[in-house]
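Please keep the sequence beside you as you read.

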Amino acid sequence: MTSESLPPETIAHLQSWQGRSETLHDEATAAPLRGLAATLDRDDPPPARGDELPPLAHWLYFLPQVRQGELGPDGHPRRGGFLPPVPLPRRMWAGGRLQWLQPLRGGDALRRVSRIESVTHKSGRSGGLVFVLVRHEVHNANGLALTEEHDIVYRPAPRAGEPPPVPQRAGTDAPWQREIVPDDVLLFRYSALTFNGHRIHYDRRYVTEVEGYPGLVVHGPLIATLLVDLVRRQRPEARLAAFRFKAVRPTFDLHPFRVHGQPSADGRGVALWASDHEGWLTMQAEAELA
């Protein structure tokens, strides 16, 4: 189904998912934390029970482990479960806003309550877009520890001859910078860590021939994690109070990219962004330090 053919009754059906919720349980085990440190090329000591989890490490838990026969052609779970069955082919993690209220720690018994806050249909350059906003609340034995608003966007397939969006030039003078080489192994490791079967991150034939991208797509959450990792490398003693990020432009595995950080004058915040090999802005973010 194309974006132009989304009739009002389809939009109304999708919006009937608003207010749906699910509750998942997990345990903050050590193995995913070791895998994340290795993937980020960090020389961290082995995580021990009671150690504070690094920011965004909760993305390693509550993973959607659906049966193989319940996957769609793109490698995602078939649509129509907790998330609405949006009939547009491209699904991307568009951004998010997180706030830490207390630490999550290794060995914690975790509970995540997720609720679909809104389903919105908008017109874009390439046709209709559907935005789904999901709110997550993560609890441990001490109560609510983390809130997260997760933005998902569904897009139509590109049309032949359609010009790409006008890019934004990224800043180049940040005092914190790091080059990242997004090779197949990095993308595979992150997909494995997050049990993410989305084929755009590892199946080159699928991503180029079916979805029309020039190369493997670097995960938005991986770029966000690398931005937070830049803060951790520069301010290892700091604790995040909040983090906001927005994907601006896809990043592909064809070239290195850079992550940048500009701390505020008072040291309480950091402006963060990522840029591709041509200097175009790919992600904007902001971290607030406790």
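A residue counts as buried under 20% relative accessible area, as exposed over 50%, and as partly exposed in between, using a 1.4 Å probe and protein chains only. Helices (H or I, at least four residues) and strands (E, at least two) are DSSP runs, numbered from the N terminus. With that in hand, look at helix H5: 13 of its 15 residues are buried, so the helix is largely enclosed by the rest of the structure.

This is a predicted model, in which local features need pLDDT of at least 70 and side-chain atom pairs count only at pLDDT 80 or more, while totals for chains, interfaces and linings use all residues. Residues are numbered from 1 along each chain as its sequence is written, and side-chain values use heavy atoms, with hydrogens and water left out.

Now to the rings. Rings of Phe, Tyr and Trp (its six-membered ring) pair if their centres lie within 6.5 Å; planes under 30 degrees apart are stacked, over 60 edge-to-face, and the rest tilted. Searching the whole structure gives four aromatic pairs. Two of them are set out here.

| Pair | Centre distance | Plane angle | Type |
|---|---|---|---|
| Trp59 and Phe245 | 6.0 Å | 65 degrees | edge-to-face |
| Phe243 and Phe245 | 5.6 Å | 20 degrees | stacked |

Trp59 sits in the loop between helix H2 (30-39) and strand E2 (90-100), and Phe245 in strand E7 (residues 240-247), so their pair ties together parts 186 residues apart in sequence. Phe245 is buried at 4% relative accessibility, and Phe243 is buried too, at 0%. Ring pairs join Trp59, Trp93, Phe243 and Phe245 into a cluster.

Rings also meet charges here. A charge sits over a ring if NZ of Lys or CZ of Arg is within 6 Å of the ring centre and within 35 degrees of the ring normal. The charged end of Arg169 is placed over the ring of Trp280, 3.9 Å from its centre, and Lys122 lies over the face of Phe131, 5.1 Å from the ring centre.

What about His201, buried or exposed? His201 is buried, with a relative accessible area of 6%, and lies in the loop between helix H3 (184-193) and helix H4 (204-209). Leaving aside neighbours within four places in sequence, its contacts (heavy atoms within 4.5 Å) include Leu187, Ser191 and His219.
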